[in-house]
Amino acid sequence: MDEYRIEDHPDLRDAGWAREAVRRAEREARVRRLRSLPRRPRRRFWVGLAIAVAAVLLAWAVVESESGAPAGQRPVDPDEPFAGTSAAAWADGAAGVVVPEAAALGPYSAEQVAGAYERVREAVVAARLDPRVVRDHDLEPLFGLFAPDLRESMRVLFDGRNDGEAALVATRVDKGARLAEVAPKVRGEMVAEVGPEGELAVRTDYTFAYAFAPDRPEAVRGPLDVVASSRFQVRYSLRTGGPGVEGLWADAAQGSLHSIACSSAKRGYLAPAFTEPSAPPGLDFDLGAPSSPADGCPD
């Protein structure tokens, strides 16, 4: 890599141009790769993780304001760390994982659909919000919700050899990072459908924002340095069959991470941008922005 730094470009002296460049870099840095499991249940559960990091490598287009803070940033409020980010208006914690009104679907009654929604909601909350999983890295509360065959395969996935892929299954905060004393912010939805083999399935699309408490608040450049966000789209299904097959399955997943520490993400953990001081400030999460085929984290 050469020594040219984009922040030295003369055009960056114009604040309006720089802010537009930041937004453009955010759109171009987002990655989402999909790896689906086979349609038929198998004893091995392998999924791939797309790490899309907004502004870890590509968004050096930042100008200094008169106060010395990056343009577009604002001081971090330790009592309201989401202030100044798009997540500020989202629901708190599990309140953001809303079960839709159930209706009959194909051969399935409204009661069966409602039951599927509740099972899937329990899995989403456990994987992304349960402190035992997220903070303490105790995965058994999550594993126990799935069919026995998948449960065993998940344990293999978390055996230390597939940390990147494991992040699609559950969110674990890096031990070197400390969550703030506020609930994560959540937005998203779920919808039921009949799967390709006639099974009752539920597709979920949820974004989670986690606020962290920095050890050195004076070094934080703005709220997006302390708020890391992740979006996961997972297809769950309820299957019938033998003792190992019957129950809840996660059949396919894709995900993206934003304003994070790349080194933690590569090990399957979540940490905010401020834990890597060499990275530029994090960028806000834009659900409407198109994805890009370019990785935001280096290999």
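Biologist: Why is arginine 155 called partly exposed?

Modeller: This is a predicted model, and the values are computed from it. Arginine 155 has a relative accessible area of 29%. Buried means under 20% and exposed over 50%, so 29% falls in between and arginine 155 is partly exposed.

Biologist: What makes glutamate 140 and arginine 155 a salt bridge?

Modeller: Their closest N and O atoms are 2.8 Å apart. The cut-off is 4 Å, so the pair qualifies. Glutamate 140 sits in helix α4 and arginine 155 in helix α5, 15 residues apart. Glutamate 140 is partly exposed too, at 39%.

Biologist: Why does the pair of arginine 178 and aspartate 215 count as a salt bridge?

Modeller: The N to O distance is 3.9 Å. That is within 4 Å, so the pair counts. Arginine 178 lies in the loop between α6 and β3, and aspartate 215 in the loop between β4 and α7, so the bridge ties together parts 37 residues apart in sequence. Aspartate 215, at 65%, is over 50% and therefore exposed.

Biologist: How do you know whether arginine 235 is buried or exposed?

Modeller: Its relative accessible area is 8%. That is under 20%, so arginine 235 is buried. Its salt-bridge partner, aspartate 251, is buried as well, at 6%. Both belong to one network of salt bridges that share partners, including Glu193 and Arg203.

Biologist: How do you know that the length of helix α2 agrees with its residue count?

Modeller: At 1.5 Å a residue, its 19 residues should span 27 Å. The end C-alpha atoms are 27 Å apart, so the two agree.

Conventions. Residues numbered from 1 in each chain as written. Predicted model: local features only at pLDDT ≥ 70, side-chain atom pairs only at ≥ 80, totals over all residues. Heavy atoms only, no water. Helix = DSSP H or I, 4+ residues; strand = E, 2+ residues; numbered from the N terminus. Expected span 1.5 Å × (residues − 1). Salt bridge = Lys/Arg side-chain N within 4 Å of Asp/Glu carboxyl O. Buried < 20%, exposed > 50% of the residue type's maximum accessible area, 1.4 Å probe, protein only.
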